[in-house]
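Please read the points below with the model open beside them. They move from the chain as a whole to its core, and then to selected side chains.

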Amino acid sequence: MKTIKIGITLELSGRRIESILEKELQFSRSLIAKRKRTDGAVTLNGQSERVITRVKEGDALSVTVKEKENGIKSAEILLDILFED
């Protein structure tokens, strides 16, 4: 298991946890759904929270994910075409 910790800044203040996970950490909607169904996977200031909770400046958000689950989307790779029929 891996824990991702985020300090909430003024810029992120007022947003829902699900929005931060999707837009800032690039979590997919299905990964967010899995995390919200797992007790203790999403905590705010050390307390388990729902993903619809709004955060405020100074809060500490933590999300626990499995090593195989990552929110990183695949990278776009440019390939040289050597042969085309």
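1. Contact here means heavy atoms within 4.5 Å. By that criterion, among contacts in the protein chain between residues at least 6 apart in sequence, 63% join residues at least 24 apart.

2. On provenance, this is a predicted model, in which local features need pLDDT of at least 70 and side-chain atom pairs count only at pLDDT 80 or more, while totals for chains, interfaces and linings use all residues. Residues are numbered from 1 along each chain as its sequence is written, and side-chain values use heavy atoms, with hydrogens and water left out.

3. The protein chain has 2 helices and 4 strands, where helices (H or I, at least four residues) and strands (E, at least two) are DSSP runs numbered from the N terminus. Read along the sequence, these elements follow the pattern β-α-α-β-β-β.

4. The accessible surface of the protein chain comes to about 6,500 Å², and 49% of that surface belongs to carbon and sulfur atoms; accessible areas come from the Shrake-Rupley method with a 1.4 Å probe, and for residues only the protein chains shown count as cover. Of the 85 residues in the protein chain, 32% are buried, a residue being called buried under 20% relative accessible area, exposed over 50%, and partly exposed in between (1.4 Å probe, protein chains only).

5. Which residues of the largest nonpolar core touch the most other members? Of its 16 residues, they are Ile 8, Ile 17, Ile 20, Phe 27 and Leu 61. H1, H2, E2 and E4 each supply at least two residues of this core, which is defined as a set of buried Ala, Val, Leu, Ile, Met, Phe, Trp, Tyr and Cys residues joined through side-chain atoms within 4.5 Å. In soluble globular proteins, nonpolar side chains tend to be buried together.

6. Leaving aside its neighbours within four places in sequence, Leu 61 is in contact with Ile 4, Lys 5, Ile 6, Ile 8, Ile 17, Ile 20, Val 42, Thr 43 and Leu 44. Thr 43, one of these partners, lies in strand E2 and counts as buried at 16% relative accessibility. With the same exclusion of sequence neighbours within four places, the contacts of Thr 43 are Ser 48, Glu 49, Ala 60, Leu 61 and Ser 62.

7. In helix H2 (residues 29-37), the buried residues are Leu 31, Ile 32, Ala 33 and Arg 35, and they pack against helix H1 (17-23), strand E2 (42-44) and strand E4 (60-65). Arg 37, also placed in helix H2, is exposed, with a relative accessible area of 60%. The C-alpha atoms of Arg 37 and Val 51, which are 14 residues apart along the chain, are separated by 9.9 Å.

8. The structure holds 4 salt bridges, a salt bridge being a side-chain nitrogen of Lys or Arg within 4 Å of a carboxyl oxygen of Asp or Glu. Glu 24, partly exposed at 41% relative accessibility, pairs with Arg 15, the closest N and O atoms being 3.0 Å apart. Glu 18, buried at 16%, pairs with Arg 16 at 3.3 Å, and Arg 16 is partly exposed at 34%.

9. The side chains of Glu 22 and Arg 29 also meet in a salt bridge (3.3 Å, N to O). Salt bridges that share partners join Arg 16, Glu 18, Glu 22 and Arg 29 into one network.
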